[in-house]
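Dear colleague,

I am passing on the structure below, together with some notes on its aromatic side chains. Please look at it alongside the text that follows.

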Amino acid sequence: MTKKILLSLLLFVSFMAVAQQSTSSPYSFYGIGEIRFKGTVENRLMGGLSFLPDSIHVNIQNPASYSYLKLTSFTLGGSFNSGTLRTFTEKEKTQRSTLDYLAVAIPLKNSGFSFGLIPYSAVGYRIRNADVNSGITQKFEGTGGMNKVFFGYGMQLKPNLSIGAELNYNFGKIETTSLKYMTGIQYGTQENNSTVLSGFDYKVGMMYQRKIAKYDFYSGLHYNYNSNLNANTDQVINSVAYSEFYTPSVVDVLSETKTTSKIHMPNQVSFGAGIGTSRNWMIGTELTWSQSNAMGNRYDNITVASFENAMKYSLGGFWVPNYDAFSNYLKKITYRAGFRYENTGLVIQNQSIKDYAFSAGFGLPLGGTFSNLNLGVEYGRKGTTKANLVQENYTNVVMSLSLNDKWFVKRKYD
């Protein structure tokens, strides 16, 4: 059985080893990029629900969940994305593979803690804008993103009530290039920015459950307070010789500056509730609200984009035919499905950028252990072709491996 688990882990790591760029969305041009983390695979396949307590799966979204853990758990998750970027006149296909999170959770008496790493946001775009009337062409490129290292602790106040808190350290680097040139003019202007991000934020959470007749009622609340990020930017503006056939070459350095600024991240609150029967089925819904983010774009004076309050609605659940059916493997599989609808908070050309997706998948037990492999598919759409914008149609194949066992058990015999 150990060999099977190791083989599953090796296959998972091999699957993610082809990872290159974390996103290819033109909407990652704004703010700190596209928010990649949507929850663990188990939660993501249920539309992103985060209020459900679990004894063997790590719920990174709500720190109160750590108090329900019964086994030490090591988990990592990733995804493969295949999509199409579409306007009214053009379309282009994209592909990428990413590692989405890595976490370890350890149970204690009536409490538990977890720590890990989350690649939180990603920047990855190439945009070309040509004005045939003026002859001016602009090209924009960006790479990088922000990561979170987290440490969370949860404890039970009562058998049916738990609370938790989490501290996050944010860090990352974003590099962007803006090139402008005119047809018939020998030289153009190129601006290079390299920004290092750092800062702390924290999260608090609560989970409550109780019996209602023969059913179990679940609910959860978590609040994320985001303080300011420190942004240290090195900016270089060059005059460059440019041609469509080769990389721009620097002719002269026009200016070099170093700036330090603050980026205020929006606060976020989420509340969800559901009903079901323990280890058999559950259905629930959740609402997540984020305040308006007025930071805009980091470098350019963008007049066509703004930010508004963001809102996300989630609906989903799971079903296990018979978790202790030792002779029928199919009955022990966890079947999950969900839907989410999200107003991202980004407004471009007076168009609110929406993102919605359907998801479904399985939790596959690994032999006679409590470990499992979780697989699923998420199909969605982001953006719009209105106002000459880009619509993203995407399919995410998501996968996570959860290795669970008892640690720190004192031996009775040597």
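Tyr215 counts as partly exposed in this predicted model, because its relative accessibility of 30% falls between the limits of 20% for buried and 50% for exposed. Trp281, with a relative accessible area of 28%, is likewise partly exposed.

The structure holds 13 aromatic pairs, and one of them joins Tyr169 to Phe200 in a tilted arrangement, with 5.0 Å from centre to centre and 55° between the planes. Since Tyr169 belongs to strand 6 (residues 161-182) and Phe200 to strand 7 (residues 187-212), this pair ties together parts that are 31 residues apart in sequence. Tyr169 is partly exposed at 34% relative accessibility, and Phe200 is partly exposed too, with a relative accessible area of 47%.

Tyr215 and Trp281 also form an aromatic pair, this one edge-to-face, with their centres 6.0 Å apart and 70° between the planes. Tyr215 lies in strand 8 (residues 215-226) and Trp281 in strand 12 (residues 281-290), so the pair ties together parts that are 66 residues apart in sequence.

Two further findings concern other rings. Phe29, Tyr30, Tyr125 and Phe140 are linked by ring pairs into a cluster. Elsewhere in the list of residues, Tyr120 has the charged end of Lys148 sitting over its ring, at 4.8 Å from the ring centre.

Methods: Residues are numbered from 1 along each chain as its sequence is written. This is a predicted model: local features need pLDDT of at least 70, side-chain atom pairs count only at pLDDT 80 or more; totals for chains, interfaces and linings use all residues. Side-chain values use heavy atoms; hydrogens and water are left out. Rings of Phe, Tyr and Trp (its six-membered ring) pair if their centres lie within 6.5 Å; planes under 30 degrees apart count as stacked, over 60 as edge-to-face and the rest as tilted. Helices (H or I, at least four residues) and strands (E, at least two) are DSSP runs, numbered from the N terminus. Buried means under 20% relative accessible area, exposed over 50%, partly exposed in between (1.4 Å probe, protein chains only). A charge sits over a ring if NZ of Lys or CZ of Arg is within 6 Å of the ring centre and within 35 degrees of the ring normal.
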